[in-house]
Amino acid sequence: MEAAAAGPVPERVVVRMYQVGFGDCFLLSFHYRQALEDGRAERHLLVDFGSTHGPPKTRVSVVERAAALIAEHTSGSLDVIVVTHRHRDHLSGFGDPQAAAVIADLQPRLVVRPWTDEPELERDATAPTTGDSPARFARDLAAGQALAERVAALTEGARASSARGELGRLALDQLPNHEAIEFLDEAARESRGLYLSAGMASGIEELVPGIRVRVLGPPTLEQRPEVARQRANDPDEFWLAHRNALADLSPESLEMGVQSLPPATPGPVAWIVGRLARQQVGSLARGVRTVDDALNNTSLILLIDVGDKRLLLPGDAQIENWEWALKHAPDSQENRALLADVDLYKVGHHGSRNATPKSLFRLWGEEPDPDRPMTALMSTRPGVHGESVATAVPRETLVSALERRTILKRTDKLGGDQAFVAVAAETEGAAPFALVAPEP
Amino acid sequence: MAQIDTFTDSAAPEPVRRARQMTIVAQDPSVRVDERIVRAQVAVPVDRLEPGPRSHRLHIVDYDATAGRLGVRADLTNPADEGPLRGWSYRDRFALADDEVLEEDPAFHAQNVYAIVARTLAQFEFALGRRVEWEFGHQLFVVPHAFAEGNAHYSREDHGLFFGYLPRSDGTTVYTCLSHDIVCHETTHAILDGLRPRLLEPGLPDQLAFHEALGDIVAMLSVFSLPELLDATLGKPDKQGRIPAEMVEPDRLASSVLFGLAEQFGEATSGVRGSALRRSLTLAPGDAWRDDEAFEEPHRRGEVLVAAVLRALLSIWTGRIKDLIHHDALNRRRAAEEGAKAAQHLLTMMIRALDYAPAVELEFEDVIDAVIVSDEVLAPDDQHDYRGAVREAFAAYGIHQPRGRTIDLAENAQRFTYEHLNAAALRSSRDEIFRFVWQNLEALGLKSEWNIEIESLRPAVRVGPDGLIVSEIVADYVQVVDLTVGQARAITGLGVPADLTDDVPVQMWGGGTLLFDQFGRVKLHQRKPLDDWNRQSRRLHYLVRQGRFDTRGRLGFSMGARAGMSFADLHVPDEHAGEDW
């Protein structure tokens with residue numbers, strides 16, 4: 001382990017995972033032996049704050065509950081907000097007026113987001129995508145979100161368990177989160193905002209002394225032009241064109257067997273027309289999934305060293321984002337060596353099949369490492385996404401692999417009244433993270 | 001020269017035409033020579049056509065689910081032919097049409113898909129010597145503008161092929177129904193599903209890979225069998241129409257012609273096909289793919305088979321043109337024609353092999369086995385050593401013909417009992433085939449403890465190497481056993497994944513193909529025994545790795561009709577196979 005800069009180093013780190021159902025909300029708290037210059041002996045980093053589906057049978061607002069707990073756990077002062085990417089399940093809390101007010105009162109001093117969230121990038125989804133590539137990509141993403149908005153409108157009111165219901169949920173997750181984004185933009189203006197890409201300095205160390213933060217993703221377009229492509233070789237403005245093509249689509253035409261459209265005469269043509277409703281739903285789902293993938297791939301991937309402990313927080317990054325750090329970056333070999341020894345892993349994308357790349361997992365091996373046990377934290381709620389076993393979130397094969405390799409804590413296994421899980425570790429020495437709440 | 005008197009006998013009957021020449025886009029509208037879309041005239045079997053067009057096998061329906069619009073039914077018949085025979089007439093109104101018409105006229109799109117699907121089906125029927133049935137009813141729906149998406153797929157449940165279109169922001173549109181290779185590929189899924197529906201069941205990774213590979217192989221060889229296209233990729237000829245001999249060396253052909261075609265495959269539609277084909281071409285020989293998790297993904301795995309066939313094609317093609325080279329040059333058109341012939345021959349070999357391939361639990365080794373055995377039956381002499389070329393090409397990728405998987409039963413003819421059997425009934429009754437199996441269980445090496453079902457029975461008639469008719473019967477049987485993991489663990493030799501709990505229900509499959517000769521005598525037995533525990537272990541481990549449990553938590557059970565849906569998602573190209581869980 002390389003020596004950290006001279007000065008105070010946290011002696012203890014606590015990671016709290018709040019129960020938000022389907023979403024992510026993590027608080028990293030660093031405790032110092034002695035008070036720092038502002039008189040506080042702790043520093044707090046909030047990583048994501050969103051939820052799309054609360055845990056089953058929970059009546060309270062999970063984001064408001066989490067906000068209150070964050071206020072308590074930070075003793076009223078939050079140092080850094082990290083928003084890994086702009087999906088609802090990672091930032092909706094900032095769009096909830098009550099919850100946002102609580103967070104604002106904590107007076108965050110830095111807001112860290114991926115480079116694609118730079119407010120200066122113009123996001124008029126209908127404008128022609130000329131200009132430099134970051135602006136163009138931001139507009140493309142906005143067009144993708146507009147496509148999702150259209151699909152969400154088309155599927156409104158669909159039965160939750162139907163294919164249309166599933167499509168609607170996926171589309172809703174992509175919607176622009178104007179209130180949350182405005183809150184974050186405002187918070188960044190009042191303090192400081194940083195928009196990071198792979199290899200940049202995080203700026204977090206200035207506020208949280210004695211730690212080292214490596215930004216492994218997302219790559220910029222110069223680093224990996226592939227992240228801007230929705231699919232290999234897809235034309236530019238793919239989503240805009242797709243969105244425009246849906247102009248005449250009506251909600252009724254997505255209902256199988258309820259064809260008021262021509263031909264009215266029963267017969268083979270009417271039969272296949274009815275069947276095509278389902279095909280159309282499938283087609284829209286594939287389109288919206290490309291938006292979902294692209295947004296996931298804007299996720300910040302942070303690797304944090306504190307003393308002898310290493311924490312990995314990859315948001316929802318998928319392989320297209322990950323492969324920069326793992327394979328293409330000039331320092332990818334060093335990255336792989338660092339990633340092979342992780343003490344705490346925030347499970348990517350709620351345990352879905354596509355966000356813990358196997359090339360990453362292979363660095364850890366299948367068997368537990370008795371010398372350096374790894375803790376994994378997974379915030380998830382089953383039954384929200386995935387129609388089949390193969391696409392279900394969380395993905396069973398990944399969960400079994402994690403259960404075998406790591407000490408896995410998951411929000412979906414918490415009792416009804418448990419609002420968070422906390423693990424803690426001394427930063428020096430080999431003792432692994434241990435459960436501190438709920439009482440083990 | 002003596003003058004021969006000619007006269008016309010108006011009463012003589014005109015020969016009935018077997019095929020019509022229809023204009024299609026040769027490969028893709030983006031493939032142009034002299035800035036004009038390359039067209040081809042292809043032979044399509046004659047059928048009675050209704051507007052759509054709709055024939056006895058196909059029904060083209062121009063419904064756009066995204067726009068909610070039902071297009072006008074295209075009438076391909078000849079308007080000059082009034083009366084009851086109108087349906088039998090045809091007029092190719094697109095032979096001289098402008099590029100704009102080909103690109104934008106829905107009636108041409110309908111003709112294009114109709115012609116390519118019908119031609120592909122005819123190629124299968126020709127090679128197999130019989131009619132090929134769909135997995136459902138009689139008429140396959142083909143929807144040329146199904147939805148706004150650069151994607152196309154086959155759906156068993158919906159009895160159709162669906163071709164999307166991709167609107168672009170500049171107002172133009174890319175139509176997948178105009179890409180020869182895409183139409184061929186999807187048609188092959190539909191045909192193969194009719195022939196071998198069990199290949200979509202949860203099985204070894206080779207099964208789905210074979211579905212994808214055959215689609216690509218048929219697409220590529222079909223496009224290849226049009227000399228119009230090959231000609232253009234061979235480089236500029238001299239005044240005599242000749243090109244230097246170095247242009248047709250195997251490596252050169254691979255990089256110029258095959259790579260050239262791959263570049264153009266689905267060029268305008270996200271390179272769905274092209275990228276796979278390009279990867280196949282660059283896949284280094286060897287069997288490293290077997291240990292590479294990325295190659296468990298069906299498309300990636302299929303590329304191995306495609307690579308082997310491409311290798312065989314180059315070998316056969318260069319073998320055929322050797323004699324055309326004089327003074328270090330050869331006629332370009334002739335070289336292209338030989339390439340087209342080689343492609344056609346290889347295509348027939350690949351398709352014919354399907355009858356000799358197992359109905360369940362298919363592995364790549366079975367493919368090479370079936371290709372060789374079926375060709376041995378039909379062309380015992382193999383003057384040009386095509387089998388050697390194919391065998392060698394597959395071996396380069398570590399796929400070897402297995403010993404003893406197909407058993408020649410003619411040598412042990414005396415062991416079989418034909419008492420009480422009726423040779424005529426054998427040709428039509430699955431019960432009669434079952435009776436044969438039941439009477440000869442031991443001689444066939446089968447056990448009655450597992451359920452045996454004759455799944456299909458297909459009489460086939462072909463022309464043998466001596467020009468005489470060969471009439472055979474092909475029968476598939478399937479064996480299934482349902483058990484729990486606990487029961488499976490009790491079987492010696494069967495390795496069950498350690499983390500499965502004892503109460504998980506498991507279904508295991510076996511089966512085989514029996515070939516009867518024209519006298520109703522059993523001739524060959526292609527076997528995938530249920531009690532091949534090594535294979536069953538590999539399958540269980542693979543299914544567990546893939547998490548292929550059904551909604552009731554069972555492993556390896558038949559998925560029934562739902563299986564067909566898996567295709568839609570498969571067609572999104574995956575550059576990162578092997579990274580997902």
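Mentor: Before we start, a salt bridge here is a side-chain nitrogen of Lys or Arg within 4 Å of a carboxyl oxygen of Asp or Glu. This is a predicted model, where local features need pLDDT of at least 70, side-chain atom pairs count only at pLDDT 80 or more, and totals for chains, interfaces and linings use all residues. Residues are numbered from 1 along each chain as its sequence is written, chains are lettered from A in the order in which they are written, and side-chain values use heavy atoms, with hydrogens and water left out.

Trainee: OK, how many salt bridges cross the interface of chain A and chain B?

Mentor: The rule finds six. One of them pairs D158(B) with R275(A), and their closest N and O atoms are 2.5 Å apart.

Trainee: And which element of chain A gives the most to the side that touches chain B?

Mentor: That's α8(A), with 13 residues. Helices here are DSSP runs of H or I with at least four residues, strands are runs of E with at least two, and both are numbered from the N terminus.

Trainee: How many residues are in contact on each side?

Mentor: 48 residues of chain A and 49 of chain B, with contact meaning heavy atoms within 4.5 Å.

Trainee: New topic. Where does H145(B) sit?

Mentor: In the loop between β8 (140-143) and β9 (152-155) of chain B.

Trainee: Buried or exposed?

Mentor: H145(B) is buried, at 8% relative accessible area. The cut-offs are under 20% for buried, over 50% for exposed and partly exposed in between, using a 1.4 Å probe and protein chains only.

Trainee: What does the side chain of H145(B) make a polar contact with?

Mentor: The side chain of D62(B), at 2.7 Å. A polar contact is a pair of N or O atoms within 3.5 Å; within protein, one must be able to donate a hydrogen and the other to accept it, and residues adjacent in sequence count only if both atoms are side-chain atoms.

Trainee: Back to chain A. What does D173(A) form a salt bridge with?

Mentor: With R88(A), the closest N and O atoms being 3.5 Å apart. D173(A) lies in α5 and R88(A) in α2, so the pair ties together parts that are 85 residues apart in sequence. D173(A) is buried at 4%, while R88(A) is partly exposed at 23%.

Trainee: And D343(A), which residue does that one pair with in a salt bridge?

Mentor: R372(A), with the closest N and O atoms 2.6 Å apart. Both residues, D343(A) and R372(A), are buried.
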